Amino acid sequence: MRKNENLIVEAELLHEITTTQAWHYRIFPFAVENGTLCLYCDEDANKIELNDELEILLGKEVALQTAAPEFLSRLLNQYYLKENTITGTENLSHEHSSDDFLQKLISEARKLKSSDIHIETYEEKCRVRIRIDGMLIERYLLSRAEYPSIVNRIKILANLDIAEKRLPQDGRITFKHGSEQFDIRVSVLPTLHGEKVVLRLLNNDATNIDLFKLGLSETDLRNYLEGVKRPNGIVLISGPTGSGKTTTLYATLKLLNKNTRNILTIEDPIEYTLEGINQVQLKESIGLNFASALRTFLRQDPDVIMVGEIRDPETANMAMRAALTGHLVLSTIHTNSAWGTISRLIDMGIPSFLVANTLNTSVAQRLVRLLCPHCKSSEPIGQDLYPQSFKPYYPVADQQVAKGCDQCYFTGYKGRKAVYEVIPLDRELSALVKAGDMNADETLKAKGIGTLSANAFDLFASGATSIEEIYPLLLN
């Protein structure tokens, strides 16, 4: 029989059976009625024998309803994914210690290429979510009785104060499991019902980072390389948290890393380690911030300096001073566009002539999820597809849309790609900056510099991604 393909299942209901049970018996919970657990099962299942076995196993009354194999497989793949999958909600068994659970959780998140683990508590339940390809997915439910022991174990591993529950705390864990070793940044935040913990998994292995494979177009790559190959000046990369700025910076450092160069970095946190580069961890509690580190760096005879982030006017001034005195400076900044970075620096109190003389290249980037190549399908483009204020750069007849299959675990997406906007400050653009003219749209267009919006539209037009993924960029 055909079921509702848009079935939405509450996490508490998924909690009734484990992933192993769901796949072993090919069952899926869809309701609880008067204390009876209602489950879908295969059409060819022996319902009487299966019903009796499940009632003994689960310790409650069970009602079985047959479902088409395709529909049941979709539900299992979407909500109860196996070890190599990215979602599903399981119960933390009482027989597991907090150490066992943490090791399993962190190892699993690492295997799934997750960037963050969120452990959070509410009035009646606690849950664990992991971030995959920029999206949070609920993975485990915890009992409120078990939650404090998990939080305390994390605090102990991160050398935090387990008695302090009223103030935020930050720490770091070096996770070792077999031959694998990596760092985890820990953030503990007091909330209404307890402490929320976020674990940021840091990828120490920079061997696979390649600037030429990040997604830069041929023109953007050429413009970017011209900026980073200069002996002095500053290169700034802008974008929101999680847009891949750090990966682009490390790919650049890897390219610049030569025996003839002295490269220094100040970071918070150190996300990758590179042999031959002197990396410093920011420690504001003892006065080691970006600005103070930069002052010391200038006495360390550097060729290249990387500053994790320009957050305040003092750091901006020190970075500009370093670039002006013959050093190449790489850093990140939070702005919406590459040209907006210039306005941000001026707002921080940097004179426009100094920005014009020191800024080599301004880059903006975002990460866009790619459609699964195995299941994406083509549809004609409707009239209301684009934002009202957006005019397409060129006609596109059809669009590719997300569908979902076993290969992408019914998310419709598989992997991400960076979209860039690269502005090299040549003499003409520098003159505009010195004159305080921030309206450079026509000049940039005449130079053939692709905006984030235009490059995202190209990705959509090629069928690599969906309109939903690039919609926010079309609004800019």
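Which residues of H8 are buried? They are Lys245, Thr248, Leu249, Tyr250, Ala251, Thr252, Leu253 and Leu256. Buried here means under 20% relative accessible area and exposed means over 50%, with partly exposed in between, using a 1.4 Å probe and protein chains only. Helices (H or I, at least four residues) and strands (E, at least two) are DSSP runs, numbered from the N terminus.

Some ground rules. This is a predicted model, in which local features need pLDDT of at least 70 and side-chain atom pairs count only at pLDDT 80 or more, while totals for chains, interfaces and linings use all residues. Residues are numbered from 1 along each chain as its sequence is written, and side-chain values use heavy atoms, with hydrogens and water left out.

On confidence: pLDDT is the predictor's confidence in each residue, from 0 to 100. The protein chain has a mean pLDDT of 87, with 93% of its residues at 70 or more. Residues 83-96 fall below 50, and that stretch has 48 contacts in the model beyond near neighbours in sequence. A contact means heavy atoms within 4.5 Å.

Back to H8, residues 245-256. Its 12 residues should span 16 Å at 1.5 Å a residue, and its end C-alpha atoms are 17 Å apart, which agrees. The expected span is 1.5 Å times one less than the number of residues.

Next, H3, residues 47-58. From first C-alpha to last, this helix reaches 16 Å, close to the 16 Å expected. Its buried residues are Leu50, Asn51, Leu54 and Leu58. Seen down the axis they fall within an arc of 100°, so they line one face of H3; the arc is that of the directions from the helix axis to the C-beta atoms. Ile48, Glu49 and Ile56 are exposed on the face turned away from the buried side. The buried residues pack against helix H2 (19-25) and strands S1 (27-33), S2 (36-42) and S3 (62-67). After H3 comes Gly59, with a positive phi near 70°.

Now the cores. A nonpolar core is a set of buried Ala, Val, Leu, Ile, Met, Phe, Trp, Tyr and Cys residues joined through side-chain atoms within 4.5 Å. The largest one has 55 residues, and those with the most contacts inside it are Ile234, Ile310, Val329, Val355, Tyr386 and Ile423. H10 gives the largest share of this core, 6 residues. A second, separate core has 30 residues, including Ile132, Ile150, Val186 and Val188.

H10, residues 313-324, also holds Thr315. Thr315 counts as buried because its relative accessibility is 1%. Leaving out residues up to four places away in sequence, Thr315 touches Phe290, Ala291, Leu294, Val307, Glu309 and Ile310.

The other threonine is Thr465, in the loop between H15 (452-461) and H16 (467-474). Why does Thr465 count as buried? Its relative accessibility is 0%. A polar atom of its side chain lies 2.7 Å from the backbone oxygen of Arg369.

Last, H16. Ile467, Glu469, Ile470, Leu473 and Leu474 are buried there. They cover an arc of only 145° around the axis, which puts them on the same side of H16. Their cover includes strands S16 (359-371), S18 (398-401) and S19 (413-424), together with H15.

Technical notes: A polar contact is a pair of N or O atoms within 3.5 Å; within protein, one must be able to donate a hydrogen and the other to accept it, and residues adjacent in sequence count only if both atoms are side-chain atoms.
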